[in-house]
Amino acid sequence: MERSILAALIGGFLCMAALGGSAFVGSAPGSPAAAASRPEGEWRLLDSVTYENISVFPVVSSYSQDTSPFLTLEEGLANGEVIVSEQGAAGLVRNRDPRYLGPPESVAASVNQLVLINRSKRPLLLLAGELVSGGKQDRVIGKDRIVPVGAPPLPLDVFCVEHGRWTGSSQFAAALTIVHPSVRESAAVDQAQTKVWESVRNGTNSKALAAAPRAQISSDNLQMAIAGNGRTEAYEKIYESRAVGVSIDDFVDQVQRRFANDTSGLKGERVVGVVVAYGGEVAWSDIFASGDLFDHYWRKLLRSYAVEALTRPTYREAASRDNASEFLRRLNGRETQETEPGVYRWREIKEGHLAQIELDALQPKPMTLHRLLLHRTS
């Protein structure tokens, strides 16, 4: 009797083990079950695209989220579905959306705050460093965030990159520009207006050795360029070759041609991001939830990386792929979170000299829309 009970127990255990083994095999990599639950962070790093002192490592993935439900700032400003204005001017905006709650109380215009209205039927994605031009001064978005459909006029935290001007219309337009990494770091990580201005004037926050090769765009040339409008220090002057003495578009075209060639033969994968190095220093990465979202921002991002490269010393050594792959790991450090329930979650993790910022959409389904990781210069 005891022997029968023991045999039954052993048989049941073996049966459970066999079922467990079958379940494991059924979810093996490459199976339909595994594909259905695959996270958006499953990336592969390609060899670098190198030109002069910049190396760009494409980040590819065979898995892509559907990011079509989201509206970008460039699209929204271009089609009139997004209105950005100085504080105190939002009451001039007509809104036919029945969910619209009306403008905020009238207040005086402020350097570090604008008012944004999303009249679209899609949630609006904002990235730190996106430039909006016009108003009394050009500004950059201070933080990644999502503005939901039907939201009331949003007081939007921004940083000025046009020191000196305080005149003009109340409305803004898309500048088709993302400020270069040193300025983005000062806005997104340091969250300090004085550091933003310093980054605009100096070009880079990176501290070069005394014997470092000279940058193609010196801080003197940069300051002369941005001060070319009389009393106004205009950020977008940096992109004019006549003003800074170097053609940024030629630099961008050289990198883009190499990048397109090296990523043209992908099968079953899309480029979703990049890791960027200057000389031998891996400094920056931008990774998105989909290839479509990356394609939308790529040209603007590449132009910003080029400005950073041209303001840094012209070291010709190239960063290694192993060092670049470190920028794909999740940091383990102090974490700060901000959230708007049902809309988005913003996370920042700092570990040593590294900082990681992630923007998670919570609707229509949870996904990390944008992930930024950078080597801090301060």
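**Figure 1. Helix α4 meets helix α9.** In this predicted model, the axes of α4 and helix α9 (residues 291–311) come within 8 Å and cross at roughly 105°. An axis here is a line fitted to C-alpha atoms, for helices over the stretch in contact, and angles run from 0 to 180 degrees between N-to-C directions. The two helices, α4 and α9, are therefore roughly perpendicular to each other (angles under 35 degrees count as roughly parallel, over 145 as roughly antiparallel, 65 to 115 as roughly perpendicular and the rest as oblique). Look for Pro181, Ser182 and Arg184 of α4, which meet Leu301, Ser304, Tyr305 and Glu308 of α9; contact means heavy atoms within 4.5 Å. By class, these residues of the contact of α4 with α9 are 3 nonpolar, 2 polar and 2 charged (Ala, Val, Leu, Ile, Met, Phe, Trp, Tyr, Cys and Pro count as nonpolar, Asp, Glu, Lys and Arg as charged, and the others, Gly among them, as polar). Helices (H or I, at least four residues) and strands (E, at least two) are DSSP runs, numbered from the N terminus.

A word on the model: residues are numbered from 1 along each chain as its sequence is written, and side-chain values use heavy atoms, with hydrogens and water left out. Because the model is predicted, local features need pLDDT of at least 70 and side-chain atom pairs count only at pLDDT 80 or more, while totals for chains, interfaces and linings use all residues.

**Figure 2. Helix α4 meets helix α5.** The axes of α4 (residues 181–190) and α5 (residues 193–202) come within 8 Å and cross at roughly 170°. That crossing makes α4 roughly antiparallel to α5. On the α4 side you can find Ser182, Val183, Ser186, Ala187 and Asp190, and on the α5 side Lys195, Val196, Ser199 and Val200. This contact of α4 with α5 has 4 nonpolar, 3 polar and 2 charged residues. In the loop between α4 and α5 sits Gln191, whose phi is positive, about 50°, although Gln191 is not a glycine.

**Figure 3. A cluster of aromatic rings.** Phe259, Phe288, Phe294, Tyr297, Trp298 and Tyr305 form one aromatic cluster. A search of the whole structure finds 7 aromatic pairs. The ring centres of Phe288 and Phe294 are 6.4 Å apart and their planes are at 55°, so this pair is tilted (rings of Phe, Tyr and Trp, for Trp its six-membered ring, pair if their centres lie within 6.5 Å; planes under 30 degrees apart count as stacked, over 60 as edge-to-face and the rest as tilted). Both Phe288 and Phe294 are buried; buried means under 20% relative accessible area, exposed over 50%, partly exposed in between (1.4 Å probe, protein chains only).

**Figure 4. Around Leu126 in strand β7.** Leu126 lies in β7 (residues 124–126) and counts as buried, at 0% relative accessibility. Leu126 and Ile141 are 15 residues apart in sequence, and their C-alpha atoms are 7.3 Å apart in space. Leaving aside neighbours within four places in sequence, the contacts of Leu126 include Leu73, Leu116, Ile141, Lys143 and Leu359.

Figure 5. Gln363 and Pro364 are joined by a cis peptide bond, with omega about 0°. Pro364 is found in the loop between β19 (354–361) and β20 (367–375). Most residues other than glycine have a negative phi, and most peptide bonds are trans.
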